[in-house]
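Work through the exercises below with the sequence and the 3D structure open. Try each task before reading its solution.

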Amino acid sequence: DIQSAYHFNNLAIIHQAAGKLHLAMHYYSRSLGHVERAEKQVNSMIVEKDGVASPVPLSQILFNASLCAQRLSNFSLAHECMKRCVEHSPSSFGKDPFCWLHMGESCINSHITMKRKNCRINGTR
């Protein structure tokens, strides 16, 4: 359910702030799992017990996970999370220049990482 998604997202943020990045990514993953299960049951809004409709927090969780993945130097995951974030919420995250900058940084760093690995394998510089 969505409350569990918020719970695990909040745990992830706490662990990320404490520098426990791998544990934070674990909790982001669990949070995303809860969101994806909830989205299969309903459209893009969740109706709470008090009757208030609230949007599914997928974009916010993907944004947070992307920042964490970049700090872990997992640039391909960071790029993928931010890309999904922008695609899911083009009216807010899609208009945020920071998101596009972050995607570009992840793409460039991913390319540099792959190039370094290829140089080590081939024995070139």
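Helices (H or I, at least four residues) and strands (E, at least two) are DSSP runs, numbered from the N terminus. The model used here is a predicted one.

**Exercise 1. The order of elements**

Task: State how many helices and strands the protein has, and in what order the elements run.

Solution. 
Step 1. Counting gives five helices and two strands.
Step 2. Reading from the N terminus on, the order is α-α-β-β-α-α-α.
Step 3. For the chain as a whole, 39% of the 125 residues count as buried. The accessible surface amounts to about 7,800 Å², and carbon and sulfur atoms hold 57% of that.
Step 4. Take the contacts between residues at least 6 apart in sequence: 53% of them join residues at least 24 apart.

**Exercise 2. Helix α3**

Task: Compare the span of helix α3 with the expected one, and find out how many of its residues are buried.

Solution. 
Step 1. Helix α3 covers residues 58–71, which is 14 residues.
Step 2. From its first C-alpha to its last, α3 reaches 20 Å, close to the 20 Å expected at 1.5 Å a residue.
Step 3. A residue is buried when its relative accessible area is under 20%. In α3 this holds for 11 of the 14 residues, and the helix is mostly covered. Among them are Leu58, Ile61, Leu62, Phe63 and Gln70.
Step 4. The partners of these buried residues are α1 (2–17), α2 (21–41), α4 (75–88) and α5.
Step 5. After α3 comes Ser73, with a positive phi near 65°.

**Exercise 3. How α3 meets α5**

Task: Describe the packing of α3 and α5 by distance, angle and handedness.

Solution. 
Step 1. Two packed helices are described by the angle between their axes and the distance between the axes.
Step 2. For α3 and α5, the axes come within 11 Å and cross at roughly 35°.
Step 3. The crossing is left-handed. On the α3 side, Phe63, Ser66, Leu67 and Gln70 make the contact, and on the α5 side Phe98, Cys99, His102, Glu105, Ser106 and Asn109 do.
Step 4. Look at one of these residues, Ser106, in helix α5 (residues 97–122). Ser106 counts as buried because its relative accessibility is 0%.
Step 5. Apart from neighbours within four places in sequence, Ser106 touches Gln70, Phe75, Ala78 and His79.

Methods
Residues are numbered from 1 along each chain as its sequence is written. This is a predicted model: local features need pLDDT of at least 70, side-chain atom pairs count only at pLDDT 80 or more; totals for chains, interfaces and linings use all residues. Side-chain values use heavy atoms; hydrogens and water are left out. Buried means under 20% relative accessible area, exposed over 50%, partly exposed in between (1.4 Å probe, protein chains only). Contact means heavy atoms within 4.5 Å. The expected span of a helix is 1.5 Å times one less than its number of residues. Accessible areas come from the Shrake-Rupley method with a 1.4 Å probe; for residues, only the protein chains shown count as cover. Axes are lines fitted to C-alpha atoms, for helices over the stretch in contact, and angles run from 0 to 180 degrees between N-to-C directions. A crossing is left-handed if the near helix is turned anticlockwise from the far one by less than a right angle, and right-handed if clockwise.
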